[in-house]
Amino acid sequence: MFFGLGTLYLIEAHLTFFTFALLIFYISKRLTNDFLFGFICSLVFLARLDHIFVVLPFGFLYWHYRKWNLKSLGIILIGFSVLSVPYIGSNYYYFDAAVPISGRIKSTFPLIQPYIKFDLFPKLFALCGVLYFVFLILDKKNPFRAIKISFLLGSFLHLIYNLIFQSEIGQWYFVSQMFFCGMFIYDVMRVLENSILKKIAFDRIVFLGAMIFVCGIAWLKLTTSFSLQNNVFASYSKLEKKSNDLVMKTAQEFERNIPKRSRIFVYDFPGKFAFYSGFNVIPADGLVANKDYFNDMKPGNFRNFLIKNKIEYLIFPTHFLVRAKEQSFLAVRVNNLTDDYTFSLRNTLKRTTIDSLKESELNKIKSYPNPIKTWQSGYDSISVYKLK
């Protein structure tokens with residue numbers, strides 16, 4: 001499920017998946033090297049920091065197996081510090097905080113988000129989690145029951161934290177939730193096989209059916225624009241044959257109209273765009289290892305910021321499918337109620353609007369089809385501008 005349904009290319013998700021798999025293996029085998037257990041827990045610092053909520057219940061379960069021994073706890077913490085201390089220390093050195101820029105701009109902690117988005121996938125995972133929890137409580141002979149309950153509780157903590165404090169949630173956040181859904185399916189099939197369907201090769205039939213389904217979805221994702229969230233559950237997206245990577249294609253078209261090595265301010269997808277092109281790309285959300293960026297992004301200073309840093313071009317989303325006072329992106333807000341769009345720029349760290357530009361104040365170079373429409377289906381194009 002995890003590898004076939006859309007998390008094929010997200011390295012941090014694979015690191016998280018590996019960490020959970022290793023933890024479950026370690027505890028289920030009742031291994032007792034406290035230092036190694038602490039080190040394995042610290043691997044979350046190489047993946048996603050918010051998965052520490054999943055690791056915590058495992059820590060208490062392991063410590064329970066070690067009979068609440070204080071010496072064991074100390075050794076666990078020493079092992080845990082192997083990655084956690086350098087991680088936190090380097091963040092303070094580079095970003096003046098315990099977490100990097102990405103964590104600070106996307107998390108509102110300790111303040112609760114003004115609008116909590118309880119969308120389809122969080123609802124689905126919450127429902128499956130509750131059902132699995134009831135299942136485990138009733139099935140007292142379930143193998144590794146304590147490990148599964150600990151994992152489930154940690155996944156709930158992780159889901160609740162992200163709903164309340166995270167402003168941007170993608171599919172790669174839901175690693176533990178997909179993990180326990182897989183365990184739930186396995187446990188249900190095991191019960192059905194043992195109680196109802198003993199006389200037929202039920203496990204082989206289910207395995208074959210699941211394999212065909214998941215491989216079919218994976219094939220669609222590799223060859224088309226298919227996305228569960230945007231093709232199946234959204235009204236604007238189309239299922240189309242995938243040719244070359246659209247960001248790569250767009251970057252190549254840019255290079256025909258814009259001089260190479262130009263500095264470009266981009267509202268989204270800066271990493272891919274920079275990788276496929278010869279441009280110097282500046283991400284609007286401020287995901288750069290430069291403390292001065294957010295000091296420069298202050299009220300009324302955006303034009304000066306562009307001139308000071310020799311940023312000649314800007315890329316903004318255009319041709320929205322609906323008109324609204326505010327089309328929201330992490331670092332940009334677009335008002336498209338009139339044909340003269342207003343682009344409002346935000347300091348993502350301070351969460352404040354610092355400046356705005358009307359489309360009439362810019363020279364429009366060219367528009368291109370939206371290269372990330374599979375994920376952001378609400379607009380048809382992106383446009384390149386220069387300051388007048």
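Leaving aside residues up to four places away in sequence, E12 touches A47, R48 and W172. This is a predicted model, and E12 is found in its helix 1, which spans residues 11-28. The C-alpha atoms of E12 and A47 are separated by 4.8 Å, although the two residues stand 35 residues apart along the chain. E12 counts as partly exposed, with a relative accessibility of 28%.

T16 also lies in helix 1. T16 is buried, and its relative accessible area is 2%. With residues up to four places away in sequence again set aside, T16 touches A47, R48, H51 and V175.

## Overall composition

The protein chain has 14 helices and nine strands. Of its 388 residues, 45% count as buried. Among contacts between residues at least 6 apart in sequence, 61% join residues that are at least 24 apart.

Two packed helices are described by the angle between their axes and by the distance between the axes. For helix 1 and helix 3 (residues 52-65), the axes come within 11 Å and cross at roughly 15 degrees. Helix 1 is therefore roughly parallel to helix 3, an angle under 35 degrees being the criterion for that description. The crossing of helix 1 and helix 3 is left-handed. Helix 1 contributes F20, L23, I24, Y26 and I27 to the contact, and helix 3 contributes V54, V55, F58, L61, Y62 and Y65. By class, this contact of helix 1 with helix 3 has 11 nonpolar residues, no polar residues and no charged residues.

Helix 2 (residues 34-42) also packs with helix 3: their axes come within 11 Å and cross at roughly 170 degrees. That angle makes helix 2 roughly antiparallel to helix 3, as angles over 145 degrees are so classed. The contact is made by D34, F37 and C41 of helix 2, together with V55, F58, G59 and Y62 of helix 3. The residues of the contact of helix 2 with helix 3 divide into five nonpolar, one polar and one charged. On helix 3, V55, F58 and Y62 take part in the contact with helix 2 and are also listed in the contact with helix 1.

## The pairing of helices 6 and 7

Helix 6 (residues 120-138) and helix 7 (residues 145-165) have axes that come within 10 Å and cross at roughly 155 degrees. These two helices are therefore roughly antiparallel to each other. The crossing of helix 6 and helix 7 is left-handed.

On the side of helix 6, the contact is made by P122, F125, A126, G129, V130, Y132, F133, L136 and I137; on the side of helix 7, by R145, K148, I149, L152, L153, F156, L159 and L163. The residues of this contact of helix 6 with helix 7 divide into 14 nonpolar, one polar and two charged.

## Cysteines

The structure holds zero disulfides. The closest cysteine sulfur to that of C128 is in C181, at 4.2 Å, which is too far for a bond; the cut-off for a disulfide is a sulfur separation within 2.5 Å. C128 is buried, with a relative accessible area of 18%. C215, by contrast, is partly exposed, at a relative accessible area of 43%.

## Loop residues with positive phi

R261 is a residue other than glycine with a positive phi, near 70 degrees. R261 is found in the loop between helix 11 (246-257) and strand 1 (263-266). This arginine counts as exposed, at 56% relative accessibility.

F269 likewise has a positive phi in a residue other than glycine, with a value near 45 degrees. The place of F269 is in the loop between strand 1 and helix 12 (270-276). F269 is buried, with a relative accessible area of 8%, whereas R261 is exposed.

Note on methods. Residues are numbered from 1 along each chain as its sequence is written. This is a predicted model: local features need pLDDT of at least 70, side-chain atom pairs count only at pLDDT 80 or more; totals for chains, interfaces and linings use all residues. Side-chain values use heavy atoms; hydrogens and water are left out. Axes are lines fitted to C-alpha atoms, for helices over the stretch in contact, and angles run from 0 to 180 degrees between N-to-C directions. Helices (H or I, at least four residues) and strands (E, at least two) are DSSP runs, numbered from the N terminus. Angles under 35 degrees count as roughly parallel, over 145 as roughly antiparallel, 65 to 115 as roughly perpendicular and the rest as oblique. A crossing is left-handed if the near helix is turned anticlockwise from the far one by less than a right angle, and right-handed if clockwise. Contact means heavy atoms within 4.5 Å. Ala, Val, Leu, Ile, Met, Phe, Trp, Tyr, Cys and Pro count as nonpolar, Asp, Glu, Lys and Arg as charged, and the others, Gly among them, as polar. Buried means under 20% relative accessible area, exposed over 50%, partly exposed in between (1.4 Å probe, protein chains only).
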